[in-house]
Amino acid sequence: MTSKPISQTNIPAAPASARSMAPEYDFFKVVQGYLDQAAKVINLEPYVATILSQPKNEIIVNFPVKMDNGEVRLFKGYRVQHNNLLGPFKGGIRYAQMVTLDEVKALATMMTWKGSLMGLPYGGGKGGIKFDPRGVTKGELQRITRRFTHALGENIGPEYDIPAPDMGTNSQTMAWMMDTYSNMVGSNQKQSVKGVVTGKPVASGGTLGRTKATGQGMVHCLTEWARDKGFNLEGSTMIVQGFGNVGSHFAVLLAKLGVSTIAVGDHAGYLYNPEGFNAHKLQDYVLQNGSIGGYPGGKAITREEFWAMKADICAPSALENQIGEAEARVIQAKVIVEGANGPTTPEGEKILLDRNIDILPDVLANSGGVTVSYYEWVQNKRSETWTLEEVDEKLERAMKRVYKNVDDFARQRKVDRRIASYALALARIESVYKEREIFP
Ligand code: NAD
């Protein structure tokens, strides 16, 4: 095949980013809609639905940072704390130009469902800063992160609210956050606050297995799905949107099971390789270059061609609002594995389900990340270091157990897996509200 590298100039038009920023898409409303549907299925106490319909706290901070050229820029940061009935608020920090309060509210709410569904002692939270992390230097990125952490102050803490990486952030970001926080609490507490963030580098108190955890959890869901359906993963094909932490690890892990990634896309464009990409090499390339742009091993295609590509598995692993009606009509996969949060719109979902395309929904499929974050937090609390095998085994057991719970519920109650996941998450939260009742 002829391989034509993509570059900044021949990248297909920008419909992906334009669509994802479309003002008419109200992500928080979408999440609330699923809550309402699941509440009906389990006859959720109306007062529980009322409490969960809005986050407990919505924190907005504006903070100044001196840029390399001496200019002072004001940044807007968010931390939304949705619910902490089951445990501390827990959820990632997103750095992106498109970050809005409503987006963070939606993501924080979903974290409450994930913690509950996975049986973790966590509530839900999410944060973000509205800026393009690719447009600043490493030094600026560090100062932005430290100043944001300082601005959040006591609104985060290892027993109160525990951030982690999300889009645009990584283990380095977490190392800076932890270091800043530990310098804020005073030297006699420095060692005991490592658990203020998870997703840290291993040497700084992170856990083995966290970097790949979200992709690994998706693999467990997919292998369970394949076993139930009698589908042979070996020799099958996949398309993946987003080749950052989630998408790239999913592709690398699936390659070991004989799944060939034949099309990839990210903010820089889309690439096709009918023989399958070398997922390892592409992952390394993206780590070095920041995107798939310019990678020599594939042919540039448009976003429309990407979604219409014939492949068995489709893994949206970038951002929300990507599979709408148009995409859902042309997708040819047998199963959608949602690595991203909210990649499928309700309209897209209806079309996919009508076309008998299975969906492994975000709150189930990508919850390996928060699960291994929990393992990291436990290790920090106990001053322990678990082996990769221990982490992997625990995650596998957790994902397979919850996958089965969701699948059984969906079958028995004749609902889709998303509503089943929400329903199971809500039922656990409801039982605790019923026991503890409402203060005062
Ligand atoms: P990342 O920053 O490592 O990667 C994001 C990817 O999305 C990049 O490849 C980027 O180029 C791509 N992207 C950004 N804008 C795009 C656009 N307009 N069109 C196409 N591609 C675009 O982030 P990540 O941690 O891999 O997170 C990806 C998704 O997974 C997010 O929705 C996040 O909330 C979700 N998620 C992440 C974790 C985690 O542990 N990191 C856990 C659960 C869910």
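Buried means under 20% relative accessible area, exposed means over 50%, and partly exposed lies in between, with a 1.4 Å probe and protein chains only. The model is predicted, so local features need pLDDT of at least 70 and side-chain atom pairs count only at pLDDT 80 or more, while totals for chains, interfaces and linings use all residues. Residues are numbered from 1 along each chain as its sequence is written, and side-chain values use heavy atoms, with hydrogens and water left out.

**Exercise 1.** Classify the ring pair Y25 and F27, and state the burial of each residue.

Solution. Rings of Phe, Tyr and Trp (its six-membered ring) pair if their centres lie within 6.5 Å; planes under 30 degrees apart are stacked, over 60 edge-to-face, and the rest tilted. The whole structure holds 18 aromatic pairs. For Y25 and F27 the centres are 6.3 Å apart and the planes are at 25°, so this pair is stacked. Y25 has 17% relative accessibility and therefore counts as buried. F27, at 6%, is buried as well.

**Exercise 2.** Which lysines lie over the faces of W377 and W386?

Solution. A charge sits over a ring if NZ of Lys or CZ of Arg is within 6 Å of the ring centre and within 35 degrees of the ring normal. K381 lies over the face of W377, 4.4 Å from the ring centre. K394 lies over the face of W386, at 4.2 Å.

**Exercise 3.** Where does H249 lie, is this residue buried or exposed, and which residues does H249 touch?

Solution. H249 is in helix α8 (residues 245-256). Its relative accessible area is 16%, so H249 is buried. Contact means heavy atoms within 4.5 Å. Not counting residues up to four places away in sequence, H249 touches T211, K212, G244 and Q283.

How values were computed
Helices (H or I, at least four residues) and strands (E, at least two) are DSSP runs, numbered from the N terminus.
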